Amino acid sequence: MNDRGLTDPFGRKIEYVRVSVTDRCDLRCFYCMPEGFRDFEVPEHWLTFDEVERVMAAFGRLGTRRVRLTGGEPLVRHGLPELAARLNALPGIDDLSLSTNAVRLAKHADALAAGGVERINVSLDTLRPEVFKRVTGGKLEKVLDGLMAAKRAGFDPIKINMVVMGGINDNEVGDMVDFCIEHGFTLRFIETMPMGDTGREANEGHYVNLQEVRRDLEQRFDLIPGVMPGGGPARYAQVAGTDIRIGFITPISQHFCDTCNRVRLSVDGTIHTCLGNEHSLALRPRLRDGCSDAELEEAILEAIALKPERHEFNERPEKIMRFMSMTGG
Ligand code: SAM
Ligand code: SF4
């Protein structure tokens, strides 16, 4: 392994890469992707599986240990389980996970598990079919089928990500806790972020401060402050008398930039060093110009050196024009 490691200018060790395999999606969550949105990357710009494998091998040599496949919706990219297996086989990469909306999970859960995906995060904002339709345009039933298939395939943990939105699903937080207790899922609440026009509108119209959600839940459940191995930015609590953990992801009310350990690789081969800032480096031109492995590693180090100290969602909410689905959530 390269002994330089990946440490950014603020001393944070970057050991985690979120790999977006597509910017497309089979849902249209209104806070993420505008309805009728068509401005997708053309296939010629998508990194091929060989290119993704090459880039992630370089990250692995530089000390990256954890990889998450995401998107857009990663399961709309044909052959995803094959890519998972290839990344899982890379030296140094010892934790492979997936973020999905679970619409296609019932079909692919077993192949993903066989490919080495161990942990899975599923977006689920509501348990009511009509609210699901309103938020995502899709069918709740498919997601629930996908979740049950994930359970049978043995992923552990299975985490539910719920974006809490005022006037839409903020009355369902208790029901979602009950659902997760029943199925043994970890639950994470997320604050809306002003990513792109849609994210900004959702943030302006429906933002809920999760500190308040936590106080409300404490009226009903005994929450013990806790930790979750590999827990990332969420602050966790355990529901007393159960194994269930609840995480609060609070990019707006309590940012967690000082412990940020990640960068994102988008489908067009750009390394984005922060969700809430533009600092990025395009790898694709270098890859397609035939750069050597040493040059690729140098480019990655160059990107890490660009990582800003923190996001500016609060100071400059108008700043991020990219939708979450473009960067890779
Ligand atoms: N399609 C997959 C999914 O939905 O899990 C993976 C990609 S999605 C962009 C990753 C996460 O980003 C989801 O949990 C989603 O709820 C979250 N997300 C998207 N736009 C957001 C926004 N404006 N604010 C907060 N979270 C957002
Ligand atoms: Fe698709 Fe995930 Fe964005 Fe929803 S949050 S539109 S499922 S990429």
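This is a predicted model: local features need pLDDT of at least 70, side-chain atom pairs count only at pLDDT 80 or more; totals for chains, interfaces and linings use all residues.
The shell around ligand 1 holds 18 residues, of which Tyr 31, Gly 72, Glu 73, Ser 123 and Met 193 come nearest. By class, this shell comprises five nonpolar, eleven polar and two charged residues. Two strands, S3 (residues 95-100) and S5 (residues 158-163), each contribute at least two residues to the shell around ligand 1.

Polar atoms of the protein lie beside both nitrogen and oxygen atoms of ligand 1. In the side chain of Ser 123, an N or O atom is 2.7 Å from an oxygen atom of the ligand. Backbone atoms take part as well: a polar backbone atom of Gly 72 is 3.0 Å from a nitrogen atom of ligand 1, and a backbone N or O atom of Thr 100 is 3.3 Å from an oxygen atom of ligand 1. On its own, ligand 1 has 540 Å² of accessible area, and the protein covers 95% of this area.

Two packed helices are described by the angle between their axes and the distance between the axes. For helix H1 (residues 49-61) and helix H10 (residues 293-304), the angle is about 70° and the axes are 10 Å apart. H1 is therefore roughly perpendicular to H10, since angles of 65 to 115 degrees count as roughly perpendicular. On the H1 side, the contact is formed by Arg 54, Val 55, Ala 58, Phe 59 and Arg 61. These residues meet Asp 293, Leu 296, Glu 297 and Ile 300 of H10. The contact of H1 with H10 includes five nonpolar and four charged residues, with no polar ones.

Two features of the backbone occur in loops. Asp 156 and Pro 157 are joined by a cis peptide bond, with omega about 0°. Pro 157 belongs to the loop between helix H5 (residues 140-153) and S5. Ala 102 is not a glycine, yet its phi is positive, at about 70°. The loop that contains Ala 102 runs between S3 and helix H3 (residues 105-114).

Key. Residues are numbered from 1 along each chain as its sequence is written. Chains are lettered from A and ligands numbered from 1 in the order in which they are written. Side-chain values use heavy atoms; hydrogens and water are left out. Axes are lines fitted to C-alpha atoms, for helices over the stretch in contact, and angles run from 0 to 180 degrees between N-to-C directions. Helices (H or I, at least four residues) and strands (E, at least two) are DSSP runs, numbered from the N terminus. Angles under 35 degrees count as roughly parallel, over 145 as roughly antiparallel, 65 to 115 as roughly perpendicular and the rest as oblique. Contact means heavy atoms within 4.5 Å. Ala, Val, Leu, Ile, Met, Phe, Trp, Tyr, Cys and Pro count as nonpolar, Asp, Glu, Lys and Arg as charged, and the others, Gly among them, as polar. A residue is near a molecule or strand if one of its heavy atoms lies within 4 Å of it. A polar contact is a pair of N or O atoms within 3.5 Å; within protein, one must be able to donate a hydrogen and the other to accept it, and residues adjacent in sequence count only if both atoms are side-chain atoms. Accessible areas come from the Shrake-Rupley method with a 1.4 Å probe; for residues, only the protein chains shown count as cover.
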